[in-house]
Structures are given as structure tokens and as C-alpha cells.
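Let's take a walk through a protein structure together. Have the picture ready to turn as you read, and take your time at each stop.

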Amino acid sequence: MIHTFIGDLGHFFAVAAFITALFASFSYFKSTTSGLSSAQSWKINGRFFFLAHVIMIMGVVITLFYIIYNHYFEYHYAWNHSSRRLPAHYMISCFWEGQEGSFLLWMFWHAILGTILIFTNKFWESSIMTIFTLVQTFLASMILGVVIPGLELKIGSSPFLLLRDVIDAPIFQENPDFIPQDGTGLNPLLQNYWMVIHPPTLFLGFATTVIPFIYCIAGLWLKKYRDWVRPALPWALISGAVLGLGNQMGGYWAYETLNFGGYWNWDPVENAVYVPWLFLVAAIHVMITFRKSNTALKASIVLVITMFILIIYSTFLTRSGILGDSSVHSFTDLGLSGQLLVYLIVFIVLSIVLAYIRWKELPTTEKEVSTYSREFWIFIGAITLCLMGFQVLLPTSIPVYNSIVESFGGVSNVAPPTDQITFYTKFQFWFAVVIAFLSGTGQFFWWKKIGGKQLWNSLLPPIIISLLMTLILMEWLDVSTISYIVLLLAGVYTVVANSKILMMVLKSSPKLAGGAIAHIGVGLMLIGILFSAGYSEVVSLNNTGMLISRQLDEEFNRENLLLFLNEPKTMANYQIKYKGERLEPIDSDGLIHKNDVDKIDAYTVVANKDVFFEGHQLYNINDTIVVHGENVYYEVELKAGNGKVYNLYPRIQDNPTMGMAASPSIKRDLSRDLYAHVVSRLSREDVEWSKMKEFKISPRDTFFINDYVAKVDGLQRIFELDGVDLAEQDVAIKGYVTIEGEEQEYQANPVFLIKDGLVGRIPDEVEDLGLKVTLMNIFPDEDKFVIGTNTRQKDWIILKAMEKPFINVLWVGTVVLMFGFGVAVVRRYSEFKKMREKGIE
Amino acid sequence: MKKSHIIALLIIAVAVFIIITTVGDASTYVTFSEAREIALDGNENSIHVVGELVKSGNGQINGIVTSQDKLSFSFDMVDENDEVQHVYYNEPMPADFLRSEKVVVIGSYHDNVFVADKILLKCPSKYQETTVNAGV
């Protein structure tokens with residue numbers, strides 16, 4: 001039976017969420033603009049509607065989760081994003097696999113943040129909540145799923161649509177109440193713990209960006225030009241931390257799960273977070289400058305507005321389908337592009353008009369900023385960050401450029417640069433160098449007090465230490481490329497100079513340490529990136545120098561290794577051997593040897609002996625085991641010179657939407673990662689078998705199959721055979737064949753069958769050895785029988801392996817940066833709280 | 001000239017430089033014959049060509065040659081102008097290559113042979129949610 005009520009309820013919540021957000025916005029607007037007498041009552045109205053809105057949003061979330069959790073596959077969202085096999089903790093991930101759910105996640109965070117804002121603000125509540133709830137209204141419209149009659153205009157895409165209303169399948173004409181037995185499942189690539197925590201973190205980052213923006217707009221609106229910065233700053237810092245962390249988590253997931261060999265790929269979806277984040281960091285810096293010295297107010301306003309508009313622009317890019325071919329993981333078009341464009345344009349126009357009207361009234365300082373002041377250098381740093389963002393924004397927007405030209409009837413065939421890494425690196429690299437030198441130096445300009453001589457005196461020790469350390473690192477790690485030396489010096493200098501500042505600050509006022517800590521983190525990240533990316537080395541080299549074709553006279557280095565099963569090769573001081581396919585059980589850590597189990601269906605196997613993994617027992621014989629059917633692991637053994645053995649388990653996933661997806665296996669050491677993935681493997685579907693060879697033998701005679709010694713231990717009549725109905729007069733005979741492989745003995749059990757007077761033969765394949773044994777004929781009088789053997793190419797994989805030196809420095813740097821942000825948030829929030837308690841805000 | 005003016009000029013200079021470089025480095029979607037002309041002009045920049053694998057009537061894919069050691073391969077590809085070109089790729093065949101619906105090759109001509117640096121595939125999703133079967 002179709003559960004229509006729950007979907008109608010969810011849809012009601014979604015519509016109500018939209019309306020309550022709109023009403024809250026209107027009430028808060030009236031509260032901000034009307035006189036003292038009615039302001040209070042409008043504010044109470046606003047609070048009431050916002051509270052109602054929060055309840056409605058929770059209603060939508062709970063309803064949708066209820067549908068997914070109870071497997072109501074009559075709903076498109078559940079059918080499309082979940083399945084019965086999905087473990088409960090991944091059901092949360094279903095939310096963000098679909099676009100509607102990810103909007104919902106965003107609104108969910110907004111609901112929580114809005115509540116916090118109401119509780120923590122007095123003076124600002126009405127004005128900021130007007131804009132906040134307006135943003136929320138736009139977001140709520142994305143999941144509205146309402147068609148305006150007469151205009152045939154669809155607003156929003158509801159997650160509560162029934163499958164039969166979305167998909168036009170013949171089955172629904174026969175039986176409108178048809179409910180699929182199972183859903184199509186969550187993309188297995190997302191079934192990873194990072195994918196449970198990365199999207200919520202990233203969306204919390206996205207959600208928090210609105211807060212500095214609403215304070216800024218409220219400040220312009222209420223002509224509180226100077227005052228908005230104080231409450232906005234702690235939130236901008238939180239946003240910078242969470243957005244940065246969310247982005248890094250995505251990078252870490254990509255490093256562990258995808259096979260492009262890194263944590264950053266300049267994919268438009270990544271850029272869409274990176275660019276606003278750079279502008280946000282720039283905005284934070286000029287806001288701090290303003291708090292210190294009353295300069296750079298205009299810059300703060302411009303940057304905060306730009307940052308938020310870039311967030312909406314990113315939303316548009318990743319969700320309108322405009323990126324199409326140029327990104328692997330952008331959302332598909334749900335027909336929301338028009339709505340997203342309206343959202344973008346409304347906020348661009350609104351903020352620009354408001355800023356324009358107020359521009360002349362903004363307080364400015366006429367005085368030229370001294371080159372010896374901190375403000376001047378922070379400002380230069382902010383500009384560098386913006387240019388850095390601009391350089392990424394431009395090529396990312398090429399698809400937008402193409403569609404604008406095409407919408408005016410033109411033809412545009414511009415494609416993104418072919419070698420993205422080289423293209424972006426040649427700018428981002430030098431920008432990073434500038435940033436590093438600035439963030440090392442900037443902190444030394446205390447106030448405006450410091451003069452030329454004094455400055456040199458305090459800068460000299462860190463400069464000398466950095467030069468020495470760089471020299472040592474260069475010698476030790478063999479850094480000789482000029483540009484890399486420069487970046488190394490810049491990174492080391494940032495760390496050293498800020499460490500000096502940190503020590504000074506810790507003595508006097510530890511609360512102010514955030515900046516220095518964050519900058520140390522940035523320095524470490526740069527050093528980590530330099531080595532892990534710049535000195536990443538392919539170690540699976542195959543220096544045969546083969547010609548790619550006789551028509552070409554160039555030689556190519558081969559970066560891949562072909563490994564046949566159980567045939568060792570050498571690679572980067574290791575002896576490397578491919579040892580076969582492994583399966584992944586759902587309920588235990590460890591992998592199962594494919595030969596130890598018999599397959600029942602794609603997701604279930606039965607153990608045919610006790611199953612061990614790296615020394616400990618996982619299962620007993622005859623246990624039924626549920627496995628991740630999409631995943632196959634390839635055991636690769638590395639033997640070091642000193643006899644130590646490591647196992648790598650790179651994976652290939654037969655992904656329903658993305659095809660064959662390879663995931664690496666990483667051997668982590670303190671100073672470097674060894675990163676290997678399977679590039680290609682023998683495809684079971686199109687193997688070619690050799691012509692059959694026949695042997696007429698007696699029991700225990702040995703014979704050779706592809707150089708392997710084999711013998712038949714005996715024959716036995718059997719009375720049960722899977723999949724065959726044996727009648728009284730039928731005969732089934734099973735052969736027991738032993739084959740000696742390189743590593744172990746294998747058993748093959750071909751069956752010879754006489755059923756209803758007809759002869760049938762069921763061959764048995766030994767996958768590891770690439771051979772098939774058939775019992776062809778039996779001569780009981782002679783005590784002899786005929787064995788037929790076919791062989792194919794042995795199992796092989798092609799492996800690519802890389803070394804990533806000092807990648808841990810990058811991860812450590814990220815954590816340090818986040819800690820620095822945290823310290824700064826605490827400080828700035830306590831400043832705001834002090835003022836609020838004085839009754840000023 | 002005030003310091004702020006110098007800074008403004010510098011920003012504009014850098015921004016213009018970024019724009020010019022982006023325009024210069026941007027690739028284009030072209031056909032094989034256009035790609036050949038580009039190469040004849042002595043321009044070695046990589047370009048994108050969009051096309052499909054060449055299939056005979058019964059769906060068999062033609063023209064695939066895999067090297068002895070399986071570490072490189074070449075194939076026939078037909079572009080949007082129906083021109084067929086043999087393309088070389090110095091990497092193993094991507095796992096889903098034979099199933100792909102659309103192929104984008106990024107590379108350039110070397111001595112009349114098209115060498116791909118990168119291949120992007122568009123595969124038909126097995127679960128492209130366009131229909132529901134009673135069995136599912």
C-alpha cells in the first residue's frame with residue numbers, strides 16, 4: 001500500500017517552512033522600520049514565525065528521514081538514494097546525495113544558527129533576522145515543489161514526490177500502486193565515514209557565511225557603519241574555520257577514495273568553495289584591521305558582500321547543471337537554474353544598491369597609510385588573497401561564459417585549460433609565496449609605532465633562522481628547483497616568524513595567540529603541499545622505453561606496472577607481488593580470500609573453509625557472509641629489503657553511476673605515504689580460453705596444465721547437485737582434481753552427468769591459475785577417464801604507485817590552522833559579549 | 001602619485017595579466033580536421049575533441065589495438081563531423097572504455113598521429129533512473 005499521508009505531511013511542512021520564513025522576514029522588517037511602540041510587537045511576531053519555521057524545517061527533516069528509514073520506496077527520494085541493504089548510519093548520507101536533501105541540510109543549519117542569533121543579540125536582532133530569514137525564504141523555495149497554476153511555472157523540487165509521478169514506466173499504467181521491492185541505493189563511493197561528516201561540516205561552513213553578510217547589510221541599513229564589524233567578526237572567523245575544515249575534509253576523502261593521486265584536483269566543485277573561502281579570509285583580515293585602527297571600513301564592506309555573493313554564485317554553478325561536462329561531481333539540473341539565478345541577482349542588486357546609497361556617508365580616513373604600518377601590509381595581503389581567488393574564479397566560469405554567448409545566439413567553444421594543475425599552479429604558487437612572506441612579516445608591525453630600524457632588529461633573528469633551516473632542509477631533502485626553494489623559504493619563514501610572535505604573545509596575553517597559531521598552520525600546510533605535490537614521485541616505473549607506435553619516434557616512460565598473479569617484480573626497493581582478489585564483509589574488519597568462499601549472489605557468500613585475515617580468524621566454515629558486492633580488493637604484497645612484509649589492498653568498485661571507480665591503498669609512514677591504485681585488471685567478461693587439451697589417465701597419474709602439476713585423486717558418485725534435479729536413473733560423478741599452484745594447492749571439482757540419457761559436463765574453473773577442468777568421459781572397465789583442460793591468461797592487474805613525501809605536515813598544518821581560528825573566535829566573541837552586556841549592542 | 005593609486009594600478013595590471021593568460025591557456029572544443037590545422041600552424045597546445053568509438057553494425061567496436069604489455073593502446077574515434085581518426089594513448093585502457101557512450105580526447109597531433117594526454121569518458125549509467133522494472 002502506498003503511504004501517501006507521510007509525503008503529504010512532508011510537503012505541507014515544506015510549504016509551511018517557506019511561508020513562515022517569509023512572514024518572519026516581513027515581521028522583522030516591520031520591527032526594524034517602525035517606531036518604538038510597535039517595534040517590540042513586530043519583533044515578537046518575527047520570533048514567533050521563526051520558531052514556527054524552525055519547527056517546520058525539523059518536520060521536513062524528520063519526515064524525509066522517516067521515509068528513508070522505513071524503506072518507503074514508493075517515494076522517489078528513498079528509491080533513488082537508499083536501499084534495504086544500506087546500514088542505518090549511512091541513511092543520513094542519503095540526505096546529501098540528492099540536491100533537495102542538501103538544500104535541506106543547509107536550511108537545517110540555518111534554523112539552528114538563526115536560533116543562536118536570536119538568543120545572542122539584542123540591538124541587532126530585528127535587522128539581521130530580516131535579511132537572514134529572506135535568505136532562508138529563497139532556500140526554502142528550492143524544495144517547495146509547487147506549480148503556479150495558469151503560468152505552468154514550477155517552483156522548487158520537492159523531495160516528497162512519489163516514484164510514479166517522477167518516472168514514466170509502463171508498470172505504473174498497469175498498476176499505479178506498484179512499489180519497488182528495493183531502492184537503487186546510495187552511491188557506494190559515498191559509503192565512507194568521511195562522507196558522513198564532510199558534507200554537514202561543509203554546509204555548516206556555507207550556512208555561517210551568511211552571518212557576517214547580514215551584520216554588514218544591517219550596519220549599512222541602520223547607518224551603524226562602524227558597529228557591525230564587532231559582532232560580525234567572531235562569526236566570520238567561525239565561518240572561515242568551518243568552511244576551511246569542510247573543504248579539507250573533502251580533500252582528505254578524495255585522497256583516500258578517489259584515484260587521481262592527490263587531495264586537490266581543481267575541479268569546479270572544489271573551486272566553488274575555495275574562492276569564497278579566500279575572499280572570506282581576506283574579509284576577516286581587513287575587519288581585524290578596522291577593529292584595530294578604524295581604517296579599511298569600505299574594504300570590509302566590499303569584501304564581506306563579495307564573499308557572500310560568491311557563495312550564492314558557487315551554489316548556482318554547482319546546482320544549475322551549467323558545469324555539465326566540466327565537473328565529475330556537480331549536481332544535475334533539477335530545473336532550479338532559473339530560481340537560483342533570481343536568488344543570485346536579488347542579492348547582488350540589493351547589496352550593491354544599498355552600498356551605493358550609503359557610500360558617501362561612510363566614514364573614511366583621509367590620511368595616507370604608512371608603509372611601516374601593519375594595516376598597509378594586511379591590506380596588501382587581502383588584495384593578494386582576492387587576486388588569488390579571481391584567478392581561480394575566471395577559468396571556473398568558462399561554462400557560464402559559453403552559455404551567456406550562446407543565449408545571445410553566438411557560438412562559443414571555449415574549454416577549460418587542458419593541464420589544470422600546471423595552469424593553476426603557475427599563479428597560485430607565487431600568490432602563496434607572497435602570502436607566506438606577508439603573514440610572516442605583517443605581525444611585526446605593532447601598531448604604527450615601529451620604525452625602520454626597530455623593525456629590522458626584530459625581523460633579523462627569524463630571517464637568519466629561516467635561512468639556516470631552509471639550507472638544512474634543502475641539503476637533507478635535495479631541493480634544488482629555484483621556485484621550490486623560494487616556497488620552502490617562504491613556508492619556513494612563516495612558521496619561524498610567527499613562532500617568535502607566538503612566544504611573545506604567550507608571555508603577555510595568550511588570548512591574542514590565534515593569529516600567530518593560524519599563520520604557523522598556513523606555513524606548515526605550504527611546506528606539506530610543496531613536498532607531497534612537488535616531490536610526488538611515480539614509483540611503479542616501467543622503464544622499457546617502449547614506442548607508443550611505430551609512427552611516432554618519441555619514447556615514453558611507462559608509469560604503470562603489469563603484475564601477473566603470484567609473479568613477483570621489483571618496485572622502489574620492494575619486491576612486489578599481486579596475490580589475488582579479496583571481498584569485503586559488511587560486518588567485520590578484514591577481507592576475505594575469494595577462494596575461501598562460494599558465491600550465492602552478488603551480496604552473499606558462504607565460507608568453504610575457515611576464513612583468516614592477516615593471522616586472525618574472521619569466520620568458520622559454512623558461515624554465510626554478507627559482502628559489499630560492488631567492491632573488489634586486490635591484495636598486493638610488498639617485501640622490503642630487510643624482509644618486512646606489507647600488504648596493500650587497493651580497490652575497484654563497480655559503481656552504478658560512475659562506472660569502474662578505483663580507490664587507492666595507502667601505506668602510511670611518518671615521513672611519506674606510499675599510494676597505490678589499480679589502473680586496470682583482467683576483465684572476466686571477455687576472457688579468451690585456449691582450445692581444450694585432453695588427457696586420458698588413471699587415478700593418481702600426474703599431468704600438466706600450463707606447467708602446473710595436477711592429478712586426479714578420484715571420482716565419486718554424488719546424489720545431490722545444486723540447480724539440477726537428479727532422478728533415480730540419472731548419474732552424476734564428481735572428480736577430485738588437485739593442482740599445485742605457486743603458492744598453494746587448488747581443488748577443482750568438475751562434474752560428469754548423465755540425465756535423461758543425455759550427457760552433460762559441468763567444468764570447474766580455478767580462477768587464480770586461469771584454468772578450467774572438465775571431466776570429459778569415464779571408462780570404468782579400464783579404470784581410466786578423460787580430463788579436458790582449457791587455459792586462459794592468468795589474472796593480472798596494472799598498478800600505479802606514487803610516493804607522497806611529508807604529506808603529514810599538510811594534515812598537521814590544517815589542524816594547527818583550525819586551532820588558531822578557534823582561539824581567535826573565543827577572543828573576538830568575548831569582545832562582542834562585553835559590549836552587549838554594557839547594553840550597547 | 002599617491003600610494004593608493006600605485007596599488008590600484010598594480011592590481012589592474014595583475015588582473016589583466018591573469019585574464020590574458022586564462023584566455024591564452026584556455027583550450028577549445030574542435031574537430032579532428034581543425035586540430036590538424038592547428039598542429040600544422042606549429043601550435044602544440046592541447047585541444048579537446050568530442051566523439052564516439054567506431055562501431056560496426058552488430059555493435060562490435062573496431063580499431064582497438066592494445067600493446068603487448070597492455071600498458072598502452074590505440075583506437076578509432078569518429079568526431080562530430082564523422083571523420084575517423086586513430087588515436088594513441090600511452091596509458092592502459094580505462095576500465096569502462098569499451099562501454100563508453102561518448103569520448104572526449106584531450107591532446108594534439110604529433111606527426112600526423114593524434115596522441116591523447118587524457119581521455120574523458122561518458123558512460124551510460126546502468127541505473128540511469130528513467131524507468132522502473134517490476135523485478136526491482
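**A sheet and its surroundings**

Our tour starts with four strands of chain A that form an open sheet, running in the order 20-29-28-27 with antiparallel pairing. At the two edges sit strand 20 (693-697) and strand 27 (764-766) of chain A, each of which pairs on one side only. From one strand to the next, the twist averages 25°. Keep in mind as you look that this is a predicted model.

What holds such strands side by side? Strands of a sheet pair through backbone hydrogen bonds, and the pairing can be either parallel or antiparallel.

Now zoom in on one pair from this sheet. Strand 28 (residues 771-779) of chain A and strand 29 (residues 784-791) of chain A are joined by eight bridges in the antiparallel sense.

Let's step back to chain A as a whole. Its 841 residues include 21 helices and 30 strands, and 44% of the residues are buried. The C-alpha atoms fill a box of roughly 115 × 75 × 55 Å along the principal axes. Among the contacts in chain A with a separation of 6 or more, 66% are between residues 24 or more positions apart.

How is chain A divided into domains? Domain 1 covers 1-186 and domain 2 covers 205-416.

The C-alpha centres of domain 4 and domain 5 of chain A lie 33 Å apart. Five residues of domain 4 of chain A are in contact with six residues of domain 5 of chain A. On the domain 4 side of this meeting place, three residues are nonpolar, two are polar and none is charged.

Our last stop is in chain B. There, strand 4 (residues 73-79) and strand 5 (residues 84-89) pair in the antiparallel sense over six bridges. V78(B) stands opposite V84(B) in strand 5 of chain B. These two strands of chain B form a hairpin with four residues between them. In the turn you can find D82(B), which has a positive phi of about 65°.

Key:
Residues are numbered from 1 along each chain as its sequence is written. Chains are lettered from A and ligands numbered from 1 in the order in which they are written. This is a predicted model: local features need pLDDT of at least 70, side-chain atom pairs count only at pLDDT 80 or more; totals for chains, interfaces and linings use all residues. A residue is buried if 20 or more other C-beta atoms lie within 10 Å of its own, exposed if 12 or fewer, and partly exposed in between; C-beta atoms are placed from the backbone. Two residues are in contact if their C-beta atoms, placed from the backbone, lie within 7 Å. Domain bounds come from an automatic or database domain assignment. Ala, Val, Leu, Ile, Met, Phe, Trp, Tyr, Cys and Pro count as nonpolar, Asp, Glu, Lys and Arg as charged, and the others, Gly among them, as polar. Two strands pair if DSSP finds at least two bridges between them. Axes are lines fitted to C-alpha atoms, for helices over the stretch in contact, and angles run from 0 to 180 degrees between N-to-C directions.
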